Amino acid sequence: MTEKIITFENVSKSFGAITALENVNISVDQGEFLALVGPSGCGKSTILRIASGLDYPSLGSMNTNTKKVGYVFQDSTLMPWRTVRKNIEFLAKLEKIDKKIIKKKANAIIELVGLQDFSEHYPIALSGGMKMRASLARSLVLEPELFLFDEPFGALDLITRGRLNVELMQLYNYKKFTSLFVTHSVEEALFLSSRVLVFSGRPGTIKGEFVVPFKYPRDSGIRYTSEFAELSGEVGKILEKFS
Ligand code: ADP
Ligand code: MG
């Protein structure tokens, strides 16, 4: 049997009089890439905060069996006074990993995300796409078993976003970290994930589930196939109906 990395059982979450989530059930298998799509305010970020242990359900329960969690936000949250390399090494240093090992890992990961030529630069010198690569790299150094992505590419232009989707796909093919990926973009969800949960507007409830039939490793070209367009239309219809 495949191991479950994280499960939400009948989770509801209220903030005072506002119900953000209602009766949400999610389970993510080891190595699975699960996407959550839903309109703004439906509780997607709340789900990730609960998954990371930063917040708690009001009702129901969340269980996870890993402590090695990576969290990537839309804002890259790099420290402006540290170089790319120092930013990438920072979390690992907090974990008190041996300095030599950190250096070695950082070098490999800087190369993996294609930032070799920018490792001694400060964040201000980076494009939006490069900042997200640095942010990913910083989490990758810790070799997370579970990656939480909160609309990581939402602030990027479409071309850069498409490119980073392909790069993330390559990283996933290589590392197979379990992923919970929140996005507004149906296309992004379908390209990256093996399964998509579609949420209604607030209070967020699950209105649809789609298994994505494309095999990994995926080629960027699948986004232009009729099968992809058809699936995208089906997800879009549910989103529109329950927004
Ligand atoms: P999403 O990420 O899908 O846009 P969020 O999870 O950020 O949605 O928020 C869901 C709802 O819960 C929103 O209406 C938001 O205003 C509310 N909310 C989220 N966090 C808090 C909080 N700490 N206090 C009060 N309301 C909150
Ligand atoms: Mg959000």
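Strand β1 (residues 4-15) pairs with β4 in the antiparallel sense over 5 bridges; two strands pair if DSSP finds at least two bridges between them. Helices (H or I, at least four residues) and strands (E, at least two) are DSSP runs, numbered from the N terminus. This is a predicted model, in which local features need pLDDT of at least 70, side-chain atom pairs count only at pLDDT 80 or more, and totals for chains, interfaces and linings use all residues. Residues are numbered from 1 along each chain as its sequence is written, chains are lettered from A and ligands numbered from 1 in the order in which they are written, and side-chain values use heavy atoms, with hydrogens and water left out.

**The sheet of 3 strands**

- β1 belongs to an open sheet of 3 strands, ordered β2-β1-β4 with antiparallel pairing.
- Its edge strands are β2 (18-29) and β4 (59-64), each of which pairs on one side only.
- From one strand to the next, the twist averages 15°; axes are lines fitted to C-alpha atoms, for helices over the stretch in contact, and angles run from 0 to 180 degrees between N-to-C directions.
- Glu9 has Ser61 in β4 as its bridge partner.
- Helix α1 (residues 44-52) packs on this sheet and touches β1, β2 and β4, with its direction at about 125° to that of β1; contact means heavy atoms within 4.5 Å.

**The sheet of 6 strands**

- An open sheet of 6 strands has the order β5-β6-β7-β3-β8-β9, and its pairing is mixed.
- β5 (69-73) and β9 (206-211) stand at the edges with a single partner strand each, so one side of each is left without a neighbour in the sheet.
- The twist in this sheet averages 15° from one strand to the next.
- β5 and strand β6 (residues 146-150) run parallel and are joined by 5 bridges, and Tyr71 stands opposite Leu148 in β6.
- α1 packs on this sheet too, touching β3 (33-37), β5, β6, β7 (178-183) and β8 (195-199), and its direction makes about 155° with that of β6.
- Helix α7 (residues 226-242) lies across β3, β8 and β9, and runs at about 175° to β9.

**Strand β7**

- How many residues of β7 are buried? The count is 6 of the 6, so β7 is largely enclosed by the rest of the structure; buried means under 20% relative accessible area, exposed over 50%, and partly exposed in between (1.4 Å probe, protein chains only).
- In a regular strand the side chains alternate between the two faces of the sheet.
- Both faces of β7 are covered, with Thr178, Leu180 and Val182 buried on one side and Ser179, Phe181 and Thr183 buried on the other.
- β3 runs parallel to β7 and is joined to it by 5 bridges; Leu36 stands opposite Val182 in β7.
- β6 also runs parallel to β7, with 5 bridges between them, and Phe149 has Phe181 in β7 as its bridge partner.

**Helix packing around α2**

- Two packed helices are described by the angle between their axes and the distance between the axes.
- The axes of helix α2 (residues 84-94) and helix α3 (residues 99-112) come within 10 Å and cross at roughly 130°.
- That makes α2 oblique to α3, since angles under 35 degrees count as roughly parallel, over 145 as roughly antiparallel, 65 to 115 as roughly perpendicular and the rest as oblique.
- Arg85, Ile88, Glu89, Ala92 and Lys93 of α2 make the contact with Ile102, Lys103, Ala106, Asn107 and Ile110 of α3.
- α2 and helix α4 (residues 128-140) pack at an angle of about 30°, with their axes 7 Å apart.
- In that packing, Val84, Asn87, Ile88 and Leu91 in α2 meet Ala134, Ala137 and Arg138 in α4.

**Residues in loops**

- Trp81 has its place in the loop between β5 and α2, and counts as exposed at 59% relative accessibility.
- The peptide bond from Arg202 to Pro203 is cis, with omega near -5°; Pro203 lies in the loop between β8 and β9.
- Tyr216 and Pro217 are joined by a cis peptide bond with omega of about -10°, and Pro217 is found in the loop between β9 and α7.
- Lys96, in the loop between α2 and α3, has a positive phi near 60° in a residue other than glycine, and is exposed, with a relative accessible area of 73%.
- Glu151, in the loop between β6 and α5 (158-175), has a positive phi near 45°, and is buried, with a relative accessible area of 15%.
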